[in-house]
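Reader: I am new to this structure. Please pick one part and take me through it closely.

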Amino acid sequence: MKKETGRYEAARDRYAAFGVDTDAAIDRLLALPISVHCWQGDDVRGFDGPGVLDGGIQTTGNYPGAAHGPAELMQDYDFALSLMPGKSRINLHACYAIFPEGRFADRDAIEPRDFEAWVRFANERDLGIDFNPTFFSHPMVKNGLTLSSPDPEVRDFWVKHGIACLRIAEYFAKETGKRSLVNFWMPDGLKETPADRYSPRKRMAESLDRILAAGYDRSLISVSLESKVFGIGVESYTVGSAEFCTAYSIKNGLVPLMDNGHYHPTESVADKISSMLLFSDRIALHVTRGVRWDSDHVCRFDDEIREIALEAVRCGPEKICLALDYFDASINRIAAWVSGYRAFRKALLFALVHPGKMLAECQESCDFTKLLVLSEEIKTAPFPAVWEEFCRRAGAAPGAEWLEKVEEYEKEVLSKR
């Protein structure tokens, strides 16, 4: 490892004047994992069906080189991970089962053996695995409904799917030696204004009760529930609203999960983090970038992402399961993966070197003049030098040099698909 640069030494001294230890911040960030979603590489197609994405979500774009099948997706995922500084985890959807030769199982009957290839992949790279039941892009999503459907056959199918996913997540945790988060998101809703909002939510709660009644090992896995304000084709009513998911999670000891693209544009997920952690020991985040009505743009180092990172650090990022969730098919998919990851990692470092303790002391003592002045002064601190040092210690390029590797990979691999 090369000796730290003069730029970093100067930056470290500048931050020290604010009471910030940049070395400690870098070490903390190096140990903080981010769960990286597999579905960016193939536009959320998965391997268990014809690959038509529906059920309240949509991927736009047709950039060449999308992964087709497990081998290509794993190849691309592995390459993307090599360009991501810091610790990572794998985030899988159930539709990415890799069935042993001669076997196929519908989603209500998937088993741990259908994910053995992912466990081998994870263990070879010392990665944990998080998991998501796939309640979309399937014929049993009837009239936009799954666990809340008035049809008991539909509900039964998806209840079995949820239970199967709990068993698979337990398998992941046992095989990797790392805890797994199982996140439930259901796209259930209606296109037009409903005549009855209560009954679908009652059915969804009862269905979730049945899934949880099957039991799961809380020493191995955590279960989270994710809300959404609306989806494509379900614009007027979403069964799993923020109020429903938060209340159900707190009542049943689940982990509330917030996706910052799943709220009204004027709401702030950053503002919600402290409230959630007052009533839940852990929470989870799916970090994305909402643009108007669309929730799944590639993360950028922008005001919203920085504010989420700041609040996560203030409240304790070790209490938060941090994951990414975006899918863009209009640009090189690997570049999207890496750029979004690095943007969020950069935001976390920005938050870790922010003088939160000093500023909080100003607020507590009601010294709002000093709070205002210091808040402005820190904006010109030499953060880029700290980011460069973090990348150096993580063995990664600090700037856009990684893009040259992606362009070469596109030339040698993606363009030949």
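Author: Glu404 and Lys411 are exposed, and they sit on the face of α14 turned away from its buried side. Keep in mind that this is a predicted model.

Now turn to the other face. Trp402, Val406 and Tyr409 of α14 are buried. These three cover an arc of only 60° around the axis, which puts them on the same side of α14.

What do the buried residues meet? Those of α14 pack against α3 (70–81) and α10 (333–352).

Next, the length of the helix. α14 takes in residues 401–412, which makes 12 residues. At 1.5 Å a residue they should span 16 Å, and the end C-alpha atoms are 18 Å apart, which agrees.

Rolling a probe the size of a water molecule over the atoms shows where empty space is left. The largest pocket holds about 400 Å³ of space. Its lining is made of 26 residues. Nearest the centre of this pocket lie Pro33, Arg89, Arg282, Ile320 and Cys321.

β2 (88–93), β3 (129–132), β4 (180–184), β9 (283–287) and β12 (320–324) each supply at least two residues. β12 gives the most, with four. By class, the lining of the largest pocket counts 12 nonpolar residues, seven polar and seven charged.

Definitions and conventions:
Residues are numbered from 1 along each chain as its sequence is written. This is a predicted model: local features need pLDDT of at least 70, side-chain atom pairs count only at pLDDT 80 or more; totals for chains, interfaces and linings use all residues. Side-chain values use heavy atoms; hydrogens and water are left out. On a 1 Å grid over the protein atoms alone, a cavity is a set of points where a 1.4 Å probe fits but cannot get out, and a pocket is an open set with protein on both sides within 12 Å along at least five of seven lines; lining residues have an atom within 4 Å of a point. Grid points are joined across faces, edges and corners, and a volume is the space filled by probe spheres set on the points. Ala, Val, Leu, Ile, Met, Phe, Trp, Tyr, Cys and Pro count as nonpolar, Asp, Glu, Lys and Arg as charged, and the others, Gly among them, as polar. The expected span of a helix is 1.5 Å times one less than its number of residues. Buried means under 20% relative accessible area, exposed over 50%, partly exposed in between (1.4 Å probe, protein chains only). The arc is that of the directions from the helix axis to the C-beta atoms. Contact means heavy atoms within 4.5 Å.
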